[in-house]
Every structure is written in structure tokens, then in C-alpha cells.
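Me: I am new to this one. Please take me through the terms and what they rest on.

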Amino acid sequence: MNGVTGRMGTNQHLIRSICAIRDQGGIKVSPGEVITVDPILTGRSEDKLKSLADRAGVARWTTDLNEALSDSKNSIFFDASSTLHRARFLEKAARAGKAIYCEKPTAVTTAEALRLAQVCEDAGVKNGVVQDKLWLPGIRKLRALIEAGYFGDILSVRGEFGYWVFTGHDEDQPAQRPSWNYRKEDGGGIMIDMLCHWRYLVDNVFGPIKSISCRAATHLAERVDEQGNSYRCTADDSCYATMELKNGILCQFNSSWTVRVRRDDLFVMQVDGTKGSAVVGLRECRTQSLEETPRPVWNPDVSQPIDFYAGWKPNAEEEEYENAFKVQWELFLRHVALDEPFPYDLRSGARGVELAEAGLNSCLERKWIDL
Ligand SMILES: NC(=O)c1ccc[n+]([C@@H]2O[C@H](COP(=O)([O-])OP(=O)(O)OC[C@H]3O[C@@H](n4cnc5c(N)ncnc54)[C@H](O)[C@@H]3O)[C@@H](O)[C@H]2O)c1
């Protein structure tokens, strides 16, 4: 597990996924068989690796990646380092014959993302990319409704993602995201970050995307980094995208690190269909059917008589939902150990990068871009 001393690597991948799988005794795959995990942490800083290994109860860590890769007992290479470092790590590990699993985006250009997919395919190694949002409880509830035909024909989808990321100018309010996110030259930008997610989410849940129109902005020009130095933001911190699907559904997704939240969650998506609608958050999914749809009247002279929030029914909690990253990890481990299908490979990850690149081009050229 490489680059896991960072935000995503530590919390979602090491602690919530791999340590959780270890602590539950592995993945039971048949009455007599269990897939077990024995992680080794790799990175640059001995101090950080040691302290993370101690905290997570992991016995093995090293700053010598080559040594870890040469050990045939280590069968999977996972990378959660910052995006621009990904390629050289993945190439090295694929050539060492390791199965590859990594964070998104795999690269910042489609050509590079496709090249990495090809490197893995040429090396004959299994490979996968994190597409965690597919296993969020809210999205799983939504997919069940779609499969049951709840919506009739889906007409449109509106997603609102974001929250206020502090600039760090006020010492009491340090930035809560890494500074490289706001520097294009370091692989930052909300378009490359979030459009990757919207690609696999939309493709898998609503249908393949045909084209995109996108406007990005860098609303805040200066932020303060981890060392307390101010720097110029060269990457977009917000992105306003409209996507047309091959089946005619229209999707609008706003993504922003410069908005304040007055909605149910950090990501909320409304799906409207002929027979009903749903409002989906990370965990919740509330519905309103055609029969339950209120009949409002536009009248600014009186206070709104309808409580619009009250007309939505929460979806019943029928099952315990596991952490989305852990669910995908288990699928990948089964793919490696048992050869079960895993469609979330580097080639599908490259489609996310393609949408981000098309979004950027749409913005630069001020026009719709077909994928
Ligand atoms: N799936 C998601 O929802 C999600 C969310 C946020 C970030 N991410 C992705 O996860 C990746 C990491 O993001 P983060 O927010 O955790 O960033 P971070 O800055 O917190 O962590 C980056 C990690 O990379 C390591 N690193 C940097 N340079 C390295 C080098 N030369 N050698 C070895 N390690 C190096 C750092 O030490 C750190 O451990 C990014 O690609 C990002 O796009 C995914």
C-alpha cells in the first residue's frame, strides 16, 4: 500500500478497508476458504510510515519500494499517492507482475490514463480503479428504485456536490484539503477530481454519457499551504457541468469547494422521472411519487403554504451498508484471488479522465464536446 499516509490512503483504504477486512478475519469465500490480507506500507518517510503502522497495528512497512515489489508474497500493489506520482509507481509495479489497484484519477490526461491501462494489459496483470461512490448507501438505494421501475422514464438528474474549503488565511481555520488540489501543475483542480466520479456514476446508474458542456472557475485566487505560505491557485475550484446521455437523460452536476451547504448532505442528487422522483444523499434516498406530488401555486404575496420537504418519504433501512471503499476492496480481492469479474479497471478509470478532459476543453472552447 503506497502513499497511504495521506488523507484517502490512511482513512478510507488502510483503516476503513484493509484493517477492517483483517479485523473481521478476512473475506469468507466458501465454507472452507478465506481471503486474508497482510499489508505492507510503502512511502518516503520512515517516521510517518512507522507511526501509521503502529496506529493501524500493521507489522510491515518500508521506504524501499523495490524491495517490497521483489517479494513474491506481495501480490497486489495499491497506490493512493497524489495523482501525478501515480504513473511511475503503477508502471514499476505492473512490470513486477503485481495486480494493480489505485485511486482515481489515474492520470490527468486521457492519453496517459489509456497508456497506463495498456501497460497493465501488456504486463498481463489484473487492475482496478477506485469508483467508491457506486457503493454509497444512497446510491445503492437509488439503483434498487431504478431497477424496480419506480421513476417511469427518467427525465433529468441534478447533482450538487461541495462545501467550503477554508483558504487557510485565518490560522484558526486551516485548509481541510491538501494544497496540491488547488495547483494545476501538481495535478489539482475540481474538474479532474470530480468529473472522474461523475463519469462512472452516471454511466453505471443512468446510462452512457454522450456529450458535456462545462464551465469551470477559479473563484478564489490565493490560498495558504501546509507550511503556512500563501500560494496562487492555478487550478479550478468549481465546475458547472451539463451532460447529455445517449438515452436522452440530461444531467447537471455542480461541484465546488467554494460553496456553503444548505442541503441534506455534501453531495445531493435529485432524479426526476415521469412516475416519481428521488433525492439522494450519501446515505439517504427520499422519494416522492406522482400521486404524492404537491400542486403548488406561485404567490409571493403569502408565505409558502406547502412544506415541500415534508412531501418526501425516506427509504427504509433494510440492510447494514458497509463502507463503500471496503465493498470495492472486497470485490477487487475476490477478482485477484478467485478471478471473479471486476469491470472497474484502468480502462474504465480512463473514461473518467476523458470526461474531465472533455470538460476542460468544453470550457476553453466554450462549446459542447462529444465523448
Ligand atoms: N475516491 C475519492 O473519493 C477520493 C477523494 C479524495 C482524493 N482522492 C484521490 O486520492 C489521491 C490522494 O489524495 P489525498 O487527498 O489523500 O492526498 P494527500 O496529499 O493527503 O496524500 C497524498 C499521499 O501521497 C504521498 N506522496 C506524495 N508524493 C509522493 C512520492 N513522491 N512518493 C510516495 N508518496 C508520495 C504523500 O506522502 C501522501 O501520503 C489523489 O489521487 C486523489 O485524487 C480520491
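Reply: Strands (E, at least two residues) and helices (H or I, at least four) are DSSP runs numbered from the N terminus, and two strands pair if DSSP finds at least two bridges between them. This is a predicted model, in which local features need pLDDT of at least 70, side-chain atom pairs count only at pLDDT 80 or more, and totals for chains, interfaces and linings use all residues. Residues are numbered from 1 along each chain as its sequence is written.

Me: How do you know that β8 and β14 are paired?
Reply: Seven bridges join β8 (residues 154-162) to β14 (residues 267-273), and the definition asks for at least two. The two strands run antiparallel, with R158 opposite Q270 in β14.

Me: Why do β17 and β18 stand at the edges of the sheet?
Reply: The open sheet has nine strands in the order β17-β16-β15-β14-β8-β13-β12-β9-β18. β17 (313-314) and β18 (369-370) each have a single partner strand, so one side of each is left without a neighbour in the sheet.

Me: What makes both faces of β5 count as covered?
Reply: A residue is buried if 20 or more other C-beta atoms, placed from the backbone, lie within 10 Å of its own; 12 or fewer is exposed, and in between is partly exposed. In β5 (residues 76-79), I76 and F78 on one side and F77 and D79 on the other are all buried.

Me: Which strand pairs with β5, and in what sense?
Reply: β6 (residues 99-102) does, in the parallel sense over four bridges. I100 is the bridge partner of F77.
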